[in-house]
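This report concerns a predicted model. Please consult the sequence and the coordinates alongside the text.

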Amino acid sequence: MAKTNNPIVVSGQAHAIVDPLTGSTNANTAQILNVTGQGEVTVPTTLTEVQLGVQVQGKTATEVQQQTAQRSTAVVDVLQKLGAQELQTTSIQLNPVYNDTQTLTGFTGLNTLQFELPTARAGAAIDTAIQAGANLIQNISFTASDQALQQARLQVLSEAVKDAQAQAQAVFSTLNLTPGKIIDININSADNPSPSPLVFNATQNAARIATTPIIGSPQTIEGSVSLDIGYSPNSAATLASATHNLTGASKPAFAIVDPLTGSTNANTAQILNVTGQGEVTVPTTLTEVQLGIQVNGKTATEVQEKTAQRSTAVVDVLQKLGAQELQTTSIQLNPVYNDSQILTGFTELNTLQFELPTARAGAAIDTAIQAGANLIQNISFTASDQALQQARLQVLSEAVIDAQTQAQTVFSTLKLTPGKIIDIDINSADNSSPSPLVFNVADKAFATGTRTPLIGGTQTIEGSVSLDIAYSPNSAGTLDLAVNGLQRSA
């Protein structure tokens, strides 16, 4: 619950609120709504950070060290010529290798380099570095520029304030209350999660491969702002005008006194705390899909070339179909061993993710599979941002009505008469997403040309609002005549 600097004490009889700093009576400033608004901005990433490794095995430490140094030098040279930024050595390792009987059989050296390039050039740079001698890709991650991230952070704060205003307006409107000044503001910063990095391995033989397509995933910036907003049924201010009081607004301290005796009594406070729940189900209209291109072969070069070609073809058709949020989510290239731990080949998996209106998603999946995709890793449904925002505001109104109904039942049963709504808290809840569809398809699954039917589910939005309501068994009136209008006017 949002609190003023001094505790609010409500007597069982009619009362007035006195500001101890001025001595004046003000019945409109001791009531506060606490609300937290959320902001989220998605920023396109433009830079790719890559960690490449040069791994060598040999009989002696000298042999391994020399080969690792030569190949690392060649990789550094090509990366410098390609204009790689932030180029640096991140690790150098030289370790002995032992067999099952703990007999020394040789040595392994690993040098790791890290660099950054615009995403549009990163795929070709990786291919060139592998041709020069790199044979291990340890990490790929995407980021937006510092300037774009800073602009997004400021935009997030603005969105969070607007969200808090919209939530407060929904509650005030339902309770027939008029907001006053904004008493307190808290900016709650949140960490900016980076997109999931791509982690995969490549072997030394991965030369002369087709250019690897890499599409950077977006970066999401989040934040929240909490507002304590005073309110009164008599105030002339509106929520929109209250935002103009953001600067210079102080948080006063209050005491509540009985006007019949002039004394303050902290032992006569009578308050009902009630929490109302709201829930709204929204039809989903968008489908998010993760498709995979999986290739098996005898050599790493063969597998890498086929995967790159098929991945490029799938990207092309998805772009032509207008796929939104198209991005690379993983690239994996791994050796395959038999039961005797003998190398038999290689397997590579490239995963792409995109979003489309549900009505078009099934046909897009079919077309992508015809182009070369052969694995569907995940399908999930979501409503549009606009529909979700409208549902969140509707949830708050339903939660207030639920709290009113509960309070009416309790007060009526106990023959109590409510007074003012002393405090309002909006409690946000997670929005449960529909269960994703998880399934696989083989290359021949769409040979008949049958279209994939997709029917989106629903998304449930939940929330709650807590009210602190003063009451007295002696004051005149009924719940319908509560000072702050618990019942909405007809």
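## Basis and confidence

The model is predicted; local features require a pLDDT of at least 70 and side-chain atom pairs count only at pLDDT 80 or more, while totals for chains, interfaces and linings use all residues. Residues are numbered from 1 along each chain as its sequence is written, and side-chain values use heavy atoms, with hydrogens and water left out.

The mean pLDDT (the predictor's confidence in each residue, from 0 to 100) of the chain is 75, and 71% of the residues score at least 70. Where pLDDT is low, the predicted coordinates should not be read in detail.

## Overall make-up

The chain has 7 helices and 16 strands, which are DSSP runs (helices H or I, at least four residues; strands E, at least two) numbered from the N terminus. Of its 490 residues, 46% are buried, that is, under 20% relative accessible area with a 1.4 Å probe, protein chains only. Among contacts between residues at least 6 apart in sequence, 87% join residues at least 24 apart.

## Nonpolar cores

A nonpolar core is a set of buried Ala, Val, Leu, Ile, Met, Phe, Trp, Tyr and Cys residues joined through side-chain atoms within 4.5 Å. The largest has 30 residues, and those with the most contacts inside it are Leu33, Val171, Ile424, Val465 and Leu467. Elements giving two or more residues to this core include strand S2 (32–43), helix H3 (146–175) and helix H7 (385–414); H3 gives the most, with 7 residues. Apart from this core lies another, of 27 residues, among them Val303 and Leu356.

Beyond its neighbours within four places in sequence, Leu33 is in contact with residues including Val171, Phe172, Leu227 and Ile424.

## The H3–H7 pair

H3 and H7 pack at an angle of about 35 degrees, their axes 9 Å apart. Axes are lines fitted to C-alpha atoms, for helices over the stretch in contact, and angles run from 0 to 180 degrees between N-to-C directions. Residues of H3 that meet H7 include Val171 and Leu175; those on the H7 side include Leu393 and Val400.

## Ser466

Ser466 lies in strand S16 (residues 458–472). Ser466 is buried because its relative accessible area is 6%. The side chain of Ser466 makes a polar contact with the side chain of Thr275 at 2.7 Å. Such a contact is a pair of N or O atoms within 3.5 Å; within protein, one must be able to donate a hydrogen and the other to accept it, and residues adjacent in sequence count only if both atoms are side-chain atoms.

Conventions. Buried means under 20% relative accessible area, exposed over 50%, partly exposed in between (1.4 Å probe, protein chains only). Contact means heavy atoms within 4.5 Å.
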